[in-house]
There are 2 protein chains.
Amino acid sequence: MISPQATKILTDGTSIDMQQLRVQLKRFIMQTAQFTDQEAELLVASVQIITAKKGTFLLKEGQVCQHNYLLVQGCVREFQYKNGEEKTTTIYTEGQSIESLISYQNHTPARHSWECLEDCILTTSSRADTERLNKMVPRTQEVCREKSEEQLGTYQAHMADYMASTPEERYLHIVQNRPDLLDRVPQYYLASYIGVSPETLSRIRARLKAKGRKVKASL
Amino acid sequence: MISPQATKILTDGTSIDMQQLRVQLKRFIMQTAQFTDQEAELLVASVQIITAKKGTFLLKEGQVCQHNYLLVQGCVREFQYKNGEEKTTTIYTEGQSIESLISYQNHTPARHSWECLEDCILTTSSRADTERLNKMVPRTQEVCREKSEEQLGTYQAHMADYMASTPEERYLHIVQNRPDLLDRVPQYYLASYIGVSPETLSRIRARLKAKGRKVKASL
């Protein structure tokens with residue numbers, strides 16, 4: 001059974017129901033990996049949970065990444081500076097891991113930043129936490145490696161799709177697969193994410209809207 | 001000691017020195033992963049080696065990927081059809097693994113093809129081969145998983161760099177980091193790989209050449 005914990009009162013006066021959150025986390029852990037009920041219970045009871053207000057930077061370009069995160073609630077963007085401009089390269093939402101593997105593994109400065117676009121709730125683990133969890137539930141390491149292999153396949157496919165598609169196709173992919181981003185993420189970040197200027201994104205949206213009207217009129 | 005094997009005569013009359021090849025492979029295996037001398041010896045003696053002529057397809061879009069490869073010699077491009085055009089998404093050279101993880105793991109049709117751009121020598125492993133090698137050298141599985149984690153980090157960084165860069169910057173990245181591709185890969189594939197038409201790549205090259213002349217003249 002999830003151990004009951006008091007509601008956590010945050011500095012801004014809001015509160016989160018920690019017990020409900022841990023139930024939600026346990027469900028998530030058991031859905032995504034082959035842990036037993038007991039293993040998931042142990043992990044959930046031991047994991048660090050943090051909250052971060054909108055605008056918080058979880059990592060800044062140039063810092064060495066010391067923590068991995070799992071985004072329980074909220075939205076985080078990854079971006080890097082290039083020729084004086086911010087380029088958004090990933091947008092994380094609920095259930096996604098936020099990791100900067102090269103910086104974390106090799107202790108090298110990260111080449112990107114992570115900024116919370118909404119108030120966020122995350123699990124966080126440092127190297128020491130990870131070692132502790134691995135000792136407590138030895139199968140964690142194996143499961144994480146299996147997940148890495150899966151993720152690698154997803155990255156391969158995602159990268160190839162991105163390279164082979166036009167900005168309009170990338171926008172349509174978001175509309176079809178991650179429609180919540182349209183409301184949650186400012187247009188200029190979305191534009192950067194699909195590789196165009198905000199003006200070009202406006203033109204893409206107008207063109208798609210006109211197409212939609214034509215399709216409707218011909219029915 | 002690497003077991004001596006006869007020179008392999010290929011159907012086109014050329015030959016490869018299998019013993020030299022296995023020495024080269026063993027060196028590669030020991031450089032890239034923490035295998036003992038004995039483990040590397042066993043792996044090299046058991047691995048399947050194939051040759052494939054320029055123009056051979058190792059995989060065709062729509063087929064289920066049944067083999068993973070390690071490219072020992074040669075050059076292979078990965079591409080997919082999009083709106084009737086071929087889009088080159090990866091160019092593999094010596095020492096790189098060629099894997100289609102989602103298709104291989106989930107038995108689903110691959111969404112890309114692999115075409116040899118040069119005569120190639122590759123190691124190849126089916127599921128059965130992989131199981132056999134894992135049984136013979138149990139640490140293979142662990143090493144492969146560690147490599148997957150490393151590769152995942154590399155993919156993360158590569159994907160972010162690609163998204164954040166202009167086609168000219170992508171071309172310069174090739175010039176600086178993989179200059180051999182400039183001679184080995186036809187211009188229209190390179191153009192597709194950096195996300196532009198062959199005409200745009202010609203303009204990029206002309207611009208960079210003019211810049212180079214200016215820098216030289218001002219020295």
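User: How far apart are the closest N and O atoms in the salt bridge of R111(A) with D161(B)?

Analyst: This is a predicted model, where local features need pLDDT of at least 70, side-chain atom pairs count only at pLDDT 80 or more, and totals for chains, interfaces and linings use all residues. Residues are numbered from 1 along each chain as its sequence is written, chains are lettered from A and ligands numbered from 1 in the order written, and side-chain values use heavy atoms, without hydrogens and water. A salt bridge pairs a side-chain nitrogen of Lys or Arg with a carboxyl oxygen of Asp or Glu within 4 Å. For R111(A) and D161(B), the closest N and O atoms are separated by 2.8 Å.

User: Which helix gives the largest share of the side of chain B that touches chain A?

Analyst: Four elements of chain B each supply at least two residues to this side: strand 6 (76–82), strand 7 (85–92), helix 3 (101–106) and helix 5 (139–164). Helices (H or I, at least four residues) and strands (E, at least two) are DSSP runs, numbered from the N terminus. With 19 residues, the largest share comes from helix 5 of chain B.

User: How much area is buried between chain B and chain A?

Analyst: The contact (heavy atoms within 4.5 Å) takes 34 residues from each of chain A and chain B. Buried area is the accessible area (1.4 Å probe) that two parts lose on being put together, summed over both. Carbon and sulfur atoms give 59% of it. The total is about 3500 Å².

User: Which residue is 56 places from S125(B) in sequence but 6.5 Å away, C-alpha to C-alpha?

Analyst: S125(B) sits in strand 10 (residues 120–125) of chain B. Its relative accessibility is 16%, so S125(B) counts as buried. The residue at that spacing is Y69(B).

User: Is S46(B) buried or exposed?

Analyst: S46(B) belongs to helix 2 (residues 37–46) of chain B. Beyond its neighbours within four places in sequence, S46(B) is in contact with R132(B), L133(B) and M136(B). At 14% relative accessible area, S46(B) is buried.

Definitions and conventions. Buried < 20%, exposed > 50% of the residue type's maximum accessible area, 1.4 Å probe, protein only.
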